[in-house]
Amino acid sequence: MKADLSDLNAFVAVARAGGFREAARASGGSASFLSEAVRRLEAELGVRLLNRTTRSVVPTEAGKGLLERLGPALTEVEAALDVVNRFRDSPAGSLRLNVPVSAARLVLPAIVPPFLAAYPDIRLEIVAEENFVDVLAAGCDAGIRYDERLEQDMIAIPIGPRQQRFATAASPSYLDRRGRPQHPSELLDHACLLGRFDSGALTTPWEYERDGEVVRVEPSGPLIVKVGGATDLSVDAAIAGTGVISIFEDWLRPHFDSGVLEPILEPWWQRFSGPFLYYPGRRLVPAPLRAFIDFVKASANPA
């Protein structure tokens, strides 16, 4: 009994993604190609591997057994092929990163263009979302997270600024109208612009610290946006005078410089450590990822 390697790869991709369209988006292929490959594999093996409905694709018991044994085996095949990649003058292949929207907005713009210029044979895909997913299960090679979100058994290296702050701000017109708070507790009397994570939790409490005093406030206001995807709407609302916003300082810095937003409570702004690039420590690092790791390290420590 023989099974084509590409068909096996298609099955693993669909089973991990939970659907043909999802797997096609992740792989850059087509759903029809993946569907045909899985049908061909099932016919060759004489057993159904996936239960398909209009809403989901779930492995059968046979499919689960095959996926459990096949996943590590295909990883080893990829690693073996990647050894050949090391003999190229320049690494080639695909690199897929799972990152928070804030990292895509604030960290990667200074890294991605020069990296791609240095490695023209590498195709980089950035998956930006606020869900904290298993990067391997999501079909990614590595991810970016802040330290409190790092997964176990991962190697982490610093990427981007090592210190960041949460900034609080409002438009000058709003502050002229409502007053400029001098203590975080005064935010309870202001219209504040909040965010909501995919989990449903709000971006509260807002936390401040000064001279050892920590203050947490639970503000309310007229607007709640999805963290990441709709954050710019919240910023635009703050600029328009709708209320007070509290997010990454670097996100607001251009608006401070232009004067459309005014920092408030700055002595109270909390600092936090910058993000990390993390990747599995128990597998051979693919050449494109190794090139990215080395590039990040060199950027952090220029000669």
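1. Leaving aside neighbours within four places in sequence, Leu187 is in contact with Pro181, Cys192, Trp206, Tyr208, Val217, Val244, Ile264 and Leu265, where contact means heavy atoms within 4.5 Å. Leu187 is also listed, with Trp206, Tyr208, Val244, Ile245, Leu252 and Phe256, among the residues that touch the most other members of the largest nonpolar core, a set of 32 residues. A nonpolar core is a set of buried Ala, Val, Leu, Ile, Met, Phe, Trp, Tyr and Cys residues joined through side-chain atoms within 4.5 Å. Buried means under 20% relative accessible area, exposed over 50%, and partly exposed in between (1.4 Å probe, protein chains only).

2. On the basis of the note: this is a predicted model, in which local features need pLDDT of at least 70 and side-chain atom pairs count only at pLDDT 80 or more, while totals for chains, interfaces and linings use all residues. Residues are numbered from 1 along each chain as its sequence is written, and side-chain values use heavy atoms, with hydrogens and water left out.

3. On the overall make-up: the secondary structure comes to 10 helices and 15 strands. Helices (H or I, at least four residues) and strands (E, at least two) are DSSP runs, numbered from the N terminus. Of the 303 residues in the protein, 42% are buried. Among contacts between residues at least 6 apart in sequence, 73% join residues at least 24 apart.

4. On the sources of the cores: in the largest nonpolar core, of 32 residues, at least two residues each are supplied by S7, helix H7 (172–178), S8, strand S9 (206–210), strand S10 (213–217), H8, S12 and H9. S12 gives the most to this core, with four residues. Apart from this core lies another, of 25 residues, among them Val99, Leu108, Ile159 and Phe295. In soluble globular proteins, nonpolar side chains tend to be buried together.

5. On helix H8 (residues 231–239): Thr231, Ser234, Val235, Ala237 and Ala238 are buried. These residues lie on the same side of H8, because they cover an arc of only 160° around the axis, the arc being that of the directions from the helix axis to the C-beta atoms. The buried residues of H8 pack against strand S8 (192–196), strand S11 (223–226), strand S12 (244–248) and helix H9 (249–258). Just after H8, Gly241 takes a positive phi of about 95°.

6. On strand S3 (residues 93–99): five of its seven residues are buried, and the strand is mostly covered. Two strands pair if DSSP finds at least two bridges between them. Seven bridges join S3 to strand S4 (residues 122–128), the two running parallel. Two bridges join S3 to strand S5 (residues 142–145), again in parallel. Asn98 stands opposite Val127 in S4, and its bridge partner in S5 is Gly143.

7. On the salt bridges: the count comes to 15, a salt bridge being a side-chain nitrogen of Lys or Arg within 4 Å of a carboxyl oxygen of Asp or Glu. Glu266 forms one with Arg165, the closest N and O atoms being 3.1 Å apart. This pair links distant parts of the chain, 101 residues apart: Glu266 is in the loop between strand S13 (262–263) and strand S14 (271–273), and Arg165 is in strand S7 (residues 163–170). Glu266 is partly exposed at 35% relative accessible area, whereas Arg165 counts as buried at 14%.

8. Arg216 counts as exposed at 55% relative accessibility, while Glu207 is partly exposed at 31%. Asp294 and Arg290 meet in a salt bridge of 3.6 Å, N to O; both lie in helix H10 (residues 287–300), four residues apart, about one turn of the helix. Asp7, Glu36, Arg39 and Arg40 are linked in a network of salt bridges.

9. On Ile155: this residue has its place in strand S6 (residues 154–158) and counts as partly exposed, at 35% relative accessibility. Leaving aside neighbours within four places in sequence, Ile155 is in contact with Leu277, Tyr278, Tyr279 and Gly281. The C-alpha atoms of Ile155 and Gly281 are separated by 5.4 Å, although the two residues are 126 apart along the chain.
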